[in-house]
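Welcome along, and please have your viewer ready. We will go from the whole chain down to single residues, one selection at a time.

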Amino acid sequence: MGQCCTKSGSVSVVNNDVGAADGDKSKPSLAGRSPAPAGSGSGSGDTHSGKNTPVYSFSASPYPSSLPAGVAPSPARTPGRKLRWPLPPPSPAKPIMAALFRRQGRADKPKEGPIPEERHGGDEGERESGLDKNFGYGKNFGAKFEIGKEVGRGHFGHTCWAKGKKGELKGQPVAVKIISKAKMTTAIAVEDVRREVKILKALSGHKNLIKFHDAFEDVNNVYIVMELCEGGELLDRILSRGGRYTEEDAKTIVVQILSVVSFCHLQGVVHRDLKPENFLFTTRDEDATMKVIDFGLSDFVRPDQRLNDIVGSAYYVSPEVLHRSYSLEADLWSIGVITYILLCGSRPFWARTESGIFRSVIRADPNFDDTPWPTVSPEAKDFVKRLLNKDHRKRMTAAQALTHPWLRDESRAVPLDISIYKLVKSYVRASPLKRAALKALSKAITEDELIYLRAQFRLLDPKHGFVTLENFRTALMRNSTDAMRESRVPDILNLMEPLSSKKMDFEEFCAAAISTYQLEALEGWEKIASTAFAIFENEGNRVISVEELAQEMNLGPTAYPLFNDWIRNSDGKLSFLGYTKFLHGVTIRSSNTRRR
Ligand SMILES: Nc1ncnc2c1ncn2[C@@H]1O[C@H](COP(=O)(O)OP(=O)(O)OP(=O)(O)O)[C@@H](O)[C@H]1O
Ligand SMILES: [Ca+2]
């Protein structure tokens, strides 16, 4: 007990022939073969030292080329299974090594660039000496639980079966994740464990989230006592089905994932390690409930905050995580990867090395042409594409995804979406012209978008067809947990202050809560945009000077030449191009320009 092995060890024992069953060597981006062992490197490209090679160059893997000291490769979890896999084996780099290093206090961290705030104080000086490893948890684990066999292992701990000896859990089987204090060699490592428990405790209660019972500690370990899941990992079920789910079965899985992830996001918690290994079934039954586990890489994220530490698992990591600027949407990318795998049995982004996987994540388009995709419904394909959009702003949110035509079910409650709050906040603070532009756009959207917006409006509990700031506050508080306070999500209400003297009907709510980025990602965008412009011409377009437009868009005089085509010579009003640019706002490309 107390020995922690890395699951990424499973990679070390798998060779590159695995999964070659797909037999198509001309399509390297289509999963089907195993990546090289994480520890084996990939020739000259994998000599990443973590000191000089920028993570983003992708000329080298941000992962180190060998397992960290003290972490021995564990045996493959399911020997022999790899030969039957249509899928490559589990991620080579499991939780990305940066996180592992943070916990283990290794100096050769594979990160570069801006130092994430939590990294401060993670220096060697803090190691061992004077490190406070007291968590304030109960000390009587042994008196309360009888420990049994091991049920699983991860990078950071191992999990055992246990039975309650007294109290509420007397006679009841539970799972205990045991994290060795000896491996917590920095203040950050200690803080990570503290946060894992805090998040688990705060979020416990959702039906698709592992139920937390208690946390204990002694001189050697921290013990996280939680509900026992006896039905195994989602990964095992995917593999036992030969790698593919029917659409109906996939939907059952994806709905559960989205339901719990939307709940976490509303609380301001990003999971950061969503993958089939981190979903467990309560029982062996086919229709058993699935629960998300392992908040070891999770974090609180404030509404306008961007995180920058690279954590996650290679196959599931989003492009913006690799670019070190991300938020909740990163989880939706991972859900897109999981859904892709469920529907076709292959990984959307594949390569032999981690650096290759990252290149693929950043640049490659997933394959939707080969078998079985021609037989997959257009709705399912659209669903996956709208999650695997490389621009995180164009991705669906979890709550939105639950109303996508592929998953839509009138009888299922739609969760409150925190992204609505962010959008409404921006709307109420926007200029009258911008609001008029959005109003016109909202009148051109399709029924699919309206279904989602109606559901969100209903959740605000409108009185006589109107919502006020108070409705937003009440709806948020109704869903509030301790995690929400920690992530400072309620602060967003202060930023919505301009709404305090107003009320909003459904029509205005639609204008406030639509995202131009998301609409741009729709196949029917061209039509929506031209309809919206026709409405804008009638209801909102007006004469505007170059200076005024620049000010509206928060641009300086250097941007004036851009506006040549945006303002019509004939009448000095916005042209169609100008209207769409104005709606779009100054973001990706333009904000890069601004920074220079
Ligand atoms: N509540 C539970 N019931 C049954 N098995 C569990 C439970 N929690 C964890 N396990 C098993 O233990 C394994 C490791 O747990 P967990 O993922 O929390 O650890 P970790 O060290 O943080 O993992 P990782 O290496 O993915 O970061 C899981 O993959 C699962 O097989
Ligand atoms: Ca895990």
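## The whole chain

Start with everything shown: of the contacts in the chain between residues at least 6 apart in sequence, 71% join residues at least 24 apart, where a contact means two C-beta atoms, placed from the backbone, within 7 Å. Residues are numbered from 1 along each chain as its sequence is written, while chains are lettered from A and ligands numbered from 1 in the order in which they are written. Keep in mind that this is a predicted model, in which local features need pLDDT of at least 70 and side-chain atom pairs count only at pLDDT 80 or more, whereas totals for chains, interfaces and linings use all residues.

Now colour domain 1 (141–227) and domain 2 (423–593) separately; the bounds come from an automatic or database domain assignment. Their C-alpha centres lie 45 Å apart.

## Around ligand 1

Next, select ligand 1 and the 25 residues around it, counting a residue as near if its C-beta atom, placed from the backbone, lies within 6 Å. Which residues come nearest? They are Gly152, Gly154, His155, Ala175 and Asp294. Colour the shell by type to see 10 nonpolar, 7 polar and 8 charged residues. Here Ala, Val, Leu, Ile, Met, Phe, Trp, Tyr, Cys and Pro count as nonpolar, Asp, Glu, Lys and Arg as charged, and the others, Gly among them, as polar.

β1 (145–153), β3 (173–180) and β5 (221–227) each supply at least two shell residues, and β1 gives the most, with 3.

## Along the strands

Follow β1 into β2 (158–164): the two run antiparallel with 6 bridges, strands being paired if DSSP finds at least two bridges between them. A hairpin of 4 residues links β1 to β2. Pick Glu146 and look across to Lys163 in β2. β2 in turn pairs with β3, again antiparallel, over 6 bridges, and Ala162 stands opposite Val174 in β3.

Stay in β3 and select Lys177. An unreviewed UniProt entry annotates Lys177 as "binding site"; such annotations, given in the numbering used here with shortened feature names, may be inferred rather than shown by experiment. Is Lys177 buried or exposed? Lys177 is buried, because 27 other C-beta atoms lie within 10 Å. Leaving aside residues up to four places away in sequence, Lys177 touches Gly157, Thr159 and Ile224.

## A covered helix

Move to α19 (506–513), where 6 of the 8 residues are buried: Glu508, Phe509, Cys510, Ala511, Ala512 and Ala513. To see what covers them, show elements including α13 (418–428), α14 (432–442) and α15 (447–459).

## Backbone stops

Most residues other than glycine have a negative phi, and most peptide bonds are trans. Zoom in on Thr371 and Pro372, joined by a cis peptide bond with omega about 5°; Pro372 is in the loop between α10 (354–363) and α11 (378–387).

Finally, visit the loop between α15 and β10 for Asp461 and His464. Asp461 has a positive phi of about 55°, and His464 has one near 50°.

How values were computed:
Buried ≥ 20, exposed ≤ 12 C-beta atoms within 10 Å, placed from the backbone.
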